[in-house]
Amino acid sequence: MTSRRRTALVLLLLSLMSVLAVLQFSPLPDRLENTPLATLMLDRHGRMLDARIAADQQWRFVPVATVPEKYRRALLQFEDQRFQWHPGIDPLAIGRAAWLNMKAGRVVSGGSTLTMQLARLLRDDPPRTLNEKAREAALALQLEWRFSKDEILTQYASRAPFGGNTVGLRAASWRYFQREPDALSWAEAALLAVLPNAPSWIHPGRNRERLKEKRDRLLVSLHGNGQLDDRDLQLALLEPLPAPPQALPALAPHLMNTLQKAGHGKLLQTTLDAALQQRVLSLTRQHGERLEREGVHNLAVVVIDHHQQETRAYIGNVTHGNASEYGAAVDIAASPRSTGSILKPLLFGLMLDDGQLLPQTLIPDLPTNYGGFSPENHDHSYRGAVPAHEALSQSLNIPAVRMLRAYGGGRFHSALQRMGMSTLFRPAEDYGLTLILGGAEGRLDEITAIYARLMAAASGRAPQVVRSLSLDQMSSETRPFMLSSGAAWLTQQALRDVARPGTARQWRQFSSSQPIAWKTGTSYGLRDAWAVGSNGRYTVGVWAGNGNGEPAPSLGGAATAAPLMLDVFSLLGPAAWPEAPLSELKTVQVCADDGYLAGGQCETRAQLAPRQSHFQTVTPHHLRIHLDSNGQRVHSGCEPVATMQHRDWFVLPPAQAWFYRRHHPDYRPLPAWRKDCVSGALALQSEPPMALVYPHAGSAIYIPTELNGSLGRAVFRAVHQNPSATLYWHLDDRFMGETRHFHEKAIVADPGWHTLTLIDQEGFRLRQRFKVLGR
């Protein structure tokens, strides 16, 4: 080989390597990676729930992973039949375009390949000059070198203009046909194939007949190539053009905001059901119109399928009234709000599993003070003692506080966190006993999810973490639930078929259609109303209130949130209630009147309990007493044993008994001691038969100041087992007087510690210390 030939070959190789280097290493347009995208949210069936326009005000969704086959065939037939073989530019197409343009005396054909059209879109559609055409051709070669044919086709489909501010195949498919591109018919695919060639024609009144003719010619061409059979062609030609595009749905804007903030991307595949979401949203708006007249401006609803542990409807916030004042943009369903009484069922279930109570176990319900905290029931009354399941179904505050104190605030705090409450960011001691009455904050989505897991556990299912996104976008976390199936089922039974205050008539009408277990809650200051319940298939959570924290006099869980919850259940329809998980339950014999284990001293009844629980407390309320022939109490020191009658007697502590018999007229106080037996009885009876209701032991009280500046009086109250007993009052060993039947005494005392002593006519004595605070 001569030196000249070698030099030419080297120069050729160097040129070729330079060209390849340029193709490989020249930077591609920034728009290839940095194109702003709109956000698309789909339901579990692929139906659109919501959409949010891109930053550049274009409807441009996440590109399709692969171009659907119908659209691919139609596009290549119309735009670039030699796409699979050319390197980005098509000399035959360019030659044909040049001949046609020269023949017509004007530009009638451009000869651009799909790759060149993509290059022009990436360069923001510059003017069509020869210089720009050369640049497009160079970029087209580079694109063909760097990407596969499928990738180029996908990039083109995601960037093609489809009229107005609709960009890309996915956006056009949703805007014009309300479905994903892979569900397009032949006629729809053909229309979208020809539309980028004249995108303005899709607008109403603009050349729509010409557009249809263009589409139909493409369909006939596809038929001629054997890609459509006769029947497909006939059906496709009959399809009309789409109507002008309507506004995209906005069914879950708050959930979209929340998921976007959490970084879930621009294509959100949720577990929601669009049809159900629409119906629940409409129902919520109807209730919102009613509640606005009562000063309640915000509502939020979450519906969970607890069989699948997936969210089916999510109404983050429906606002009536001033949007900015009441926070219409805030996702209240994912915002912390005071929980009110909504956590009480969880404590009940935990104590069942822990063996600290059974459903029928009596819980004290009487004036209570713990370190200055004095809870009150919603009706400001006391029942003395109430079965645990009734305390839960009636949402009594005092028994709940006493239960939490027995269980332990720290343990409950930790259990709630493990159940899924993310809002308990303070130490348990900061919440104290108020944790059970709304001292903490919770999110509606999390609380509803916990109730859904509770019902799943009661149904014998593995209570997984509730999902609002599909499995391909959110890990399927399996977190053990804190309650056994047996405890969960007993808890749900306690919440079934019980009318709440103010809704008795409505509840009776509703309970005949389907069984439901539910709980309401109202926060302190009438700022948050909750209602959460489950039927055999769904769990529904409702929050009502004002987004700005403004109280409403009529606000209440039963009156405000529960009617919407019941209407949602009516919408969902009935579902079979789960059978008792008998393998997770056991039967124990308890006293019929106090729910404690029978010790051979009471009439018994069977009670279900969680199988793994170890409730071991024998009844403390049954006393073996001895009577003479007249029914008076005696003991061996004053009556021969042979003449005694022996009875097992149900006896509550004096303070409990005094309130208890107001609600239970059949309660029988202990018989009085026979006079000659009193002295010996003092040694036999360890506890005095009376109690001080106010003030509590060790408590601090204020004594009011009169208008003239003098120290006022505080009214103390005591109770006695014997309704006709006489009590003698002593303050710091100073006799204050006596009372009979109703034991109340107005007392004046200086600041500091004092001792109150009560003595009854039989000599029983009660001492109690209290502190008077300064003025």
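Me: Is Cys638 buried or exposed in this predicted model?
Reply: The model is predicted. Relative accessibility for Cys638 is 16%. The cut-off for buried is under 20%. So Cys638 counts as buried.

Me: What is the relative accessible area of Cys677?
Reply: Cys677 is joined to Cys638 by a disulfide. Cys677 is buried. Its relative accessible area is 0%.

Me: Which hand does the disulfide of Cys638 and Cys677 have?
Reply: The sulfur atoms of Cys638 and Cys677 lie 1.8 Å apart, within the 2.5 Å cut-off. The torsion about their S-S bond is about 100°. The disulfide is therefore right-handed.

Me: How many residues apart in sequence are the parts that Cys638 and Cys677 tie together?
Reply: Cys638 sits in the loop between β17 (622-627) and β18 (645-650). Cys677 sits in the loop between α23 (654-663) and α24 (678-684). The pair so ties together parts whose separation in sequence is 39 residues.

Me: What is the torsion about the S-S bond of Cys591 and Cys602?
Reply: Cys591 and Cys602 form a disulfide, with 1.9 Å between their sulfur atoms. The link is left-handed. The angle about the S-S bond is -80°.

Me: Where is Cys602?
Reply: Its partner Cys591 is in strand β15 (residues 585-591).

Me: What is the pairing of the bonded cysteines, numbered in sequence order?
Reply: The count comes to two disulfides. One joins Cys591 and Cys602. Another joins Cys638 to Cys677. In sequence order the pairing is 1-2, 3-4.

Technical notes: Residues numbered from 1 in each chain as written. Predicted model: local features only at pLDDT ≥ 70, side-chain atom pairs only at ≥ 80, totals over all residues. Heavy atoms only, no water. Helix = DSSP H or I, 4+ residues; strand = E, 2+ residues; numbered from the N terminus. Buried < 20%, exposed > 50% of the residue type's maximum accessible area, 1.4 Å probe, protein only.
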